[in-house]
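User: I am new to this structure and would like a short walk through it. Could we begin with the overall picture and then go into detail?

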Amino acid sequence: MLLRNITWKEAEKSLKNNVIVIPVGSTEQHGPQNPLGTDHLIAEKFAEKLDAVVLPTVPIGVSKHHRFFSGTIWVSYESFKNYLLDICMALKYHGVTKILFVNGHGGNTSCLSDIALQMRDEHVFVGIYEWWRSIPEKIVKKLYPENTAKYLGHAGSVETSLNLVLYPELVKMERAEDVDTTWAPKKFGGIITCETKEFTDCGVVGYSKNASAEKGKIIFEACLEELKNLVEYIKEVKI
Ligand SMILES: [Zn+2]
């Protein structure tokens with residue numbers, strides 16, 4: 001149920017005793033083949049499939065590390081956090097006690113964790129779901145048997161495959177690139193700790209050329225099942 005499509009009378013009934021889902025993402029470079037909206041577009045597709053009340057998508061996040069690529073739009077950590085905290089507090093005002101962020105962008109993660117801790121003190125549970133953490137291991141190994149890590153990076157094969165199944169008209173596969181990054185920013189706390197341009201010229205981190213809609217379908221369905229189970233679990237659990 002999309003909040004933007006229902007009336008306040010319906011919201012009065014639906015908000016209490018329900019899980020409220022907030023899709024969040026970013027508007028940032030995703031290599032030469034993927035749309036800038038990749039992270040929020042994917043989060044939105046997951047959220048729309050859920051048996052929950054779904055808020056409008058928050059499309060711009062913490063993305064300054066991609067700023068050397070045109071079209072990347074970011075807000076500060078503080079702005080993002082305060083904006084989402086205000087949304088959570090508005091939900092609390094309406095009697096909501098269970099919120100789930102469906103996040104499509106790794107750069108938002110620490111901010112969302114901060115919000116969850118702060119809302120805990122307000123007696124509101126805030127969970128964070130991130131699709132790339134929920135792909136079952138056996139599926140990753142089956143699709144990428146030789147080296148899973150290099151396909152999972154930013155704008156890599158996995159993310160591009162999701163776009164190919166969810167938004168095929170927006171992907172320019174002929175421009176996809178395989179990039180051997182020369183150093184591993186993960187060692188230093190992830191790509192958010194440096195400028196993306198320092199280790200990739202085209203914006204892809206890892207390999208993206210073998211992306212396919214078939215892979216995307218398998219990944220999307222497996223992650224969606226995990227997410228649906230999570231929503232059911234949150235519904236049942238006593239806060
Ligand atoms: Zn992304």
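Predicted model: local features only at pLDDT ≥ 70, side-chain atom pairs only at ≥ 80, totals over all residues.

User: What pattern do they follow along the sequence?

Analyst: The protein chain reads α-β-α-β-α-β-α-β-α-α-β-β-α. Its radius of gyration is 18 Å, close to the 18 Å given by the globule rule for 239 residues, so the chain is as compact as a globular protein of that length.

User: And what does the C-alpha trace span along its principal axes?

Analyst: It spans about 50 × 35 × 30 Å. Of the 239 residues in the protein chain, 42% count as buried. Taking contacts between residues at least 6 apart in sequence, 77% join residues at least 24 apart.

User: Let us turn to the sheet. What is the strand order in the open sheet of four strands?

Analyst: The order is S2-S1-S3-S4, with parallel pairing. S2 and strand S4 (125-130) stand at the edges with a single partner strand each, so one side of each has no neighbour in the sheet.

User: How many bridges link S1 and S3?

Analyst: Five bridges, paired in the parallel sense. Valine 21 stands opposite leucine 100 in S3. Helix H4 (residues 109-120) packs on this sheet, where it touches S3 and S4. The direction of H4 makes about 160 degrees with that of S4.

User: Back to valine 21: which residues is it in contact with, leaving aside neighbours within four places in sequence?

Analyst: Valine 21 is in contact with Ala47, Leu50, Ala52, Val53, Val54, Leu55, Leu100 and Val102.

User: Which residues have the most contacts inside the largest nonpolar core?

Analyst: Ile20 and Val21 do, in a core of 47 residues. As general background, nonpolar side chains tend to be buried together in soluble globular proteins.

User: A change of topic: why is helix H2 described as largely enclosed by the rest of the structure?

Analyst: Helix H2 covers residues 38-48, and ten of its eleven residues are buried, so the rest of the structure largely encloses it. Among the buried residues of H2 are Asp39, His40, Glu44 and Lys45, along with Leu41, Ile42 and Phe46.

Terms used:
Residues numbered from 1 in each chain as written. Helix = DSSP H or I, 4+ residues; strand = E, 2+ residues; numbered from the N terminus. Rg over C-alpha atoms; globule rule 2.2 N^0.38 Å. Buried ≥ 20, exposed ≤ 12 C-beta atoms within 10 Å, placed from the backbone. Contact = placed C-beta atoms within 7 Å. Pairing = 2+ DSSP bridges. Axes fitted to C-alpha atoms, helices over the stretch in contact; angles between N-to-C directions. Core = buried A, V, L, I, M, F, W, Y, C linked by C-beta atoms within 7 Å.
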